[in-house]
Amino acid sequence: MKAKKRKVKLRTKMNLLILVNLLFVLVLFIVTLSLIMVHREYDETGSNALSVAKTVAGLPEVVQAFKNPNPSPFIQPIAENIRKESGAQFIVVSNMNLIRYSHPDRSQIGKHMVGDDDKQVLSGHGSITMAKGTLGYSIRGKYPVFNEKHLQIGVVSVGFTIENIWKKLTSLILEIIGIGLVALVVGLLGAWILSGHIKKEILNLEPYEIAFLTQQQAAILESIREGIVAIDTNGKIMTFNQEAKSMLAQNTEELIGKSITSILPSSRLNEIIEEGTSHYDQPMIFGNSLVVVNRVPVKMDGEVIGAVASFRDKLQLDQMDQRLADIGQYVDTLRSQRHEFMNKLHLISGLIQMKEFDLVKDLIEDVHHEQQNVLNFFLAKVRDPAIVGVLIGKMHRAKELGIGLTISEDSEVSEICPHRETVLTILGNAIENAVEAITIAAKERAAAMISVYIKEERDQLILQVSDNGPGIDPELGDQIFADGGTTKGEGRGFGLALVSRLVSRLNGSVVMNSSSEGAILQVSLPGRDKDG
């Protein structure tokens, strides 16, 4: 099995990178400065040597000594004194034949000068050269000696050996290297502090961990059924997930980096950044949808750095509420059925104890006949099991309340009803509204009736729920299909609004006819496709 490659930590990478950069800069700096110092030292040494040579050549004692048959005894002491004071390694005075009259090594006096660098000085001009002599390589300053008639009578050569120059340079370079090492240590300390600060800023995460979290969060954002929008303090969009794009009908346009006000002027996210407070379950128009929005500020170290809004289509939420309400109704229906059949069982038990077997038989046959008729009707006319379940449940609930609920014999639905979820929601809301209307009106229970008609045709699905209740309050008018359009009290009036939005989404139509004799809800939905 191949061993897993160990990842280098971000802090280690940063420290190594800064170390390499510091070393490169320091080496470049030391080499450059050393080269500058070497060139400068060579130039200064040459100029110093030439200056000393010129001084010696201009001394009257030296010029006068050339008149003697043997100038050496006169020139040697003068040259040595000046050599010691100037720090030169040698001061050599010679005649035009380059025969020495002075030299630090007395054995070299009277011998010919070496180095082959005397051409310029013999022509009467000073020169700075580097050559190898009896004392090794040296920087030499040479100057001609002139008599009173300005005729050249000799040469003065002053030299500083390369070895002594480098001794001086080495100590200076070592000092520079020492300073550079101190700078390197300080730089590494700064790198360690900086890398620690950066790690803290990114919550001590490694790059691969940040990449994983980014991909994970992107997957989460795209998987949830809510639209998510996030902005920074400048109002620029930082996150806009696919669900939000679908709600806004902008699936292809890139929205990241755009101003939130240009995309969603009513988002109020800029207010969240300014106020720093959260808003929950607020209604808002998002594209063509009515949504419920939550807005919260994003904070770091107590400072607001952005804002996030999550949207959920109110229609979807209403459908979920309706499904939960239907579940509750199913429970109530089961309870009422249990109660009804327990009563019949008690009756049968009593009749058996009284030995009224004929009555028991008639009762059982009546119940069986009633249930068989209902079952035969649904098997023949309304064959979708989900639709049947809702209708039977509502029939039992209405019966328990003393209300007659009938299904028109002209009704007809296939085994898979078109737009089943929408139909179930419409039936549940419409029948429940009718039950409540009749119950509140407190009319004679024997006359309380609700009728349901549902028919599937080739091009449309017709659904009608009618009742003989008191009808709709005329004051509501066109508001009957708006959220909260009701006289039942606060928090009610969403059933017909939900029905209206469901029908509109399917390009259907919904009409409510109402009078004092009752109300009729008529819904028309597109039928099954020809190929469906």
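## Strands E3 and E4

Arginine 140 stands opposite glycine 159 in E4. This is a predicted model. The two strands involved are E3, residues 136–146, and E4, residues 152–161.

## The four-stranded sheet

E3 and E4 belong to an open sheet of four strands. Its order is E1-E4-E3-E2, with antiparallel pairing. Strand E1 (90–95) and strand E2 (127–133) stand at the edges. Each has a single partner strand, so one side of each is left without a neighbour in the sheet. From one strand to the next, the twist averages 30°.

In a regular strand, side chains alternate between the two faces of the sheet.

## Helices on the sheet

Helix H1 spans residues 10–57 and packs on this sheet. H1 touches E1, E2, E3 and E4. Its direction makes about 35° with that of E3.

Helix H5, residues 162–201, also packs on the sheet. H5 touches E2, E3 and E4. The direction of H5 makes about 40° with that of E4.

## H1 against H5

The two helices also pack on each other. H1 and H5 meet at an angle of about 160°, and their axes are 9 Å apart. Angles over 145 degrees count as roughly antiparallel, so H1 is roughly antiparallel to H5. The crossing of H1 and H5 is right-handed.

Sorted by class, the contact of H1 with H5 has 28 nonpolar residues. It also has seven polar and four charged residues.

## One aromatic pair

A search of the whole structure finds one aromatic pair. A pair of aromatic rings is described by the distance of the centres and the angle of the planes. Here the rings belong to phenylalanine 66 and tyrosine 101. Their centres are 5.4 Å apart and their planes lie at 70°. Planes over 60 degrees apart count as edge-to-face, so this pair is edge-to-face.

The pair links distant parts of the chain. Phenylalanine 66 lies in the loop between helix H2 (60–65) and helix H3 (72–86). Tyrosine 101 lies in the loop between E1 and helix H4 (119–122). The two residues are 35 residues apart.

Strand E5 covers residues 227–232, and strand E6 covers residues 237–240. They pair in the antiparallel sense over three bridges. Alanine 230 has threonine 239 in E6 as its bridge partner. Four residues sit between the strands of this hairpin. In the hairpin, glycine 235 takes a positive phi near 80°.

## The five-stranded sheet

Another open sheet has five strands, in the order E10-E11-E12-E14-E13. Its pairing is mixed. Strand E10 (404–407) and strand E13 (509–515) stand at the edges. Each has a single partner strand, so one side of each is left without a neighbour in the sheet. Direction ignored, neighbouring strands of this sheet are turned by 10° against each other on average.

E10 and strand E11 (residues 449–456) run parallel, joined by four bridges. Within this pairing, isoleucine 407 has valine 452 in E11 as its bridge partner. Helix H12, residues 385–400, lies across E10 and E11. H12 runs at about 155° to E10.

Key:
Residues are numbered from 1 along each chain as its sequence is written. Side-chain values use heavy atoms; hydrogens and water are left out. Two strands pair if DSSP finds at least two bridges between them. Axes are lines fitted to C-alpha atoms, for helices over the stretch in contact, and angles run from 0 to 180 degrees between N-to-C directions. Contact means heavy atoms within 4.5 Å. Angles under 35 degrees count as roughly parallel, over 145 as roughly antiparallel, 65 to 115 as roughly perpendicular and the rest as oblique. A crossing is left-handed if the near helix is turned anticlockwise from the far one by less than a right angle, and right-handed if clockwise. Ala, Val, Leu, Ile, Met, Phe, Trp, Tyr, Cys and Pro count as nonpolar, Asp, Glu, Lys and Arg as charged, and the others, Gly among them, as polar. Rings of Phe, Tyr and Trp (its six-membered ring) pair if their centres lie within 6.5 Å; planes under 30 degrees apart count as stacked, over 60 as edge-to-face and the rest as tilted.
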